[in-house]
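Hi,

Here is the structure I promised to pass on.

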Amino acid sequence: QDPRNDSDPACSAPNVYRILQDRLAPTSRYSFSSLPEMYNELVAGGNVTYFFSRRSYIGVTGYGATVKWLVDGLDLDFQEWSAMPYGGPFGVVGANAAWGHDFADLFFEVGHSFDQMPGGGGLAAIFRSVLTFKKQELEIVARYYDKDFANPHARPISAPDEYEGLAARDELGFRLKYTALLKDIQLRTLADYWMTPRDWTQKLRLRVRADYEVATWFRPGAWIEYQDKDLADTERGNCYEQVFEYDWEGEPIQCQGEKVDLGFQLRFQPHRMLTLSAYYQHRFIDDGSSRYSSSFRQDSSAWLLVMLKPLPDLRIRLRSRYRFEAIKHNDYMEHSLWSYLEVGWWYKRIFHLKGRLELLKFFDRRDSSLGRSPEPEVWARLELEYRF
């Protein structure tokens, strides 16, 4: 009845075993596995909207859904960390409105979910305003998603974290996004602060990027981004890279780490037919492993992109990416070089021919990399497209 009750054996997932060539030979059980074609979902809904003008309207939306399990002999349902609500049918009813005039556009939406889980559903609301003036744009977003608001078919603005399988759940936040073209400088900034109402964990994301047009043929740029999944916990040894870390039974545990990205770009266009771009990014990130119990893990990555357009219908692309994760430990994470050459040709905009040659080389000393065959990998691909 409650998948959160881990002490109840009925809440465990069914055992899944490896299949060997000899079906009667002893085998082992997977820690966890995703099984295909386990259920069907039926969804029905509708929307009614009245427009006062192109930018001003009000509307009502609702849907209902039910799940039918396709496996006989087992009483199955979703775990609490699944994006799908457990217990039976679910749905959402909501209303939205927008108003736009001159330089301002305002949008507001409120909804309530309904399901068979203990909370029975919850409330959600989002307000978004976009102000545009003199090659500048300011976006303001305020949002609230109750911890019992479970809507797997919505993708509203939300932070990159999850509560019980959904990003737009258990969140109260405020976001500012500012972009501007100030003479020769293109500026893009983002500030997002949010918290989880169930325990009031505070989180933060900041990003600034600036591109400067030195000349028509040369544009350098630089950026910095900082993210913290728990402002109250500044210790090392936390995880960040994934939404969760998992215990030995596969139970998800929220990550609380930090990440800092520093990067720059050089973009050259010496001729209208030729563009060259080079990027470099250095990352400081909480890893969560015993190797980095007192320090950040450091990753580096670099890209080189060349695009040539010698004829109006012919494009040649060359891209190369060098990645070195955990640069102090070459036996821990990925250290690789990936490159490709791609040639595309259009004939009268109805026939497209594209060929691509890729090279993938691993330099790290992990067992999975040392055992790769062939090494390096070479891939060839040919695409033909006809439009009618």
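**What turned up**

Strand β19 gives the largest share of the nonpolar patch, three residues. The patch as a whole covers about 930 Å² of surface and is made by W345, Y347, I350, L353, L382, L384, Y386 and F388. Two or more of its residues come from each of β17 (335–347) and β19 (377–386). One member to look at is L382, which lies in strand β19 and is exposed, with 63% relative accessibility.

On terms: patches are built from residues with over 30% relative accessible area and no salt bridge, joining like charges within 9 Å and nonpolar side chains (Val, Leu, Ile, Met, Phe, Trp, Tyr) within 5 Å. A salt bridge is a side-chain nitrogen of Lys or Arg within 4 Å of a carboxyl oxygen of Asp or Glu. Buried stands for under 20% relative accessible area, exposed for over 50%, and partly exposed for what lies in between (1.4 Å probe, protein chains only).

Please keep in mind that this is a predicted model, where local features need pLDDT of at least 70 and side-chain atom pairs count only at pLDDT 80 or more, while totals for chains, interfaces and linings use all residues. Residues are numbered from 1 along each chain as its sequence is written, and side-chain values use heavy atoms, leaving out hydrogens and water.

The S-S torsion of C239 and C255 is about -105°, so the disulfide is left-handed. C239 is buried at 3% relative accessible area, and C255 is buried at 1%.

Finally, N151 is in the loop between β6 (136–145) and β7 (171–182), yet is buried, with a relative accessible area of 10%. Leaving aside residues up to four places away in sequence, N151 touches Y63, V92 and L166 (contact means heavy atoms within 4.5 Å).

Best wishes

Note on methods. Helix = DSSP H or I, 4+ residues; strand = E, 2+ residues; numbered from the N terminus. Disulfide = S-S within 2.5 Å. Areas by Shrake-Rupley, 256 points an atom, 1.4 Å probe, with all protein chains shown as cover.
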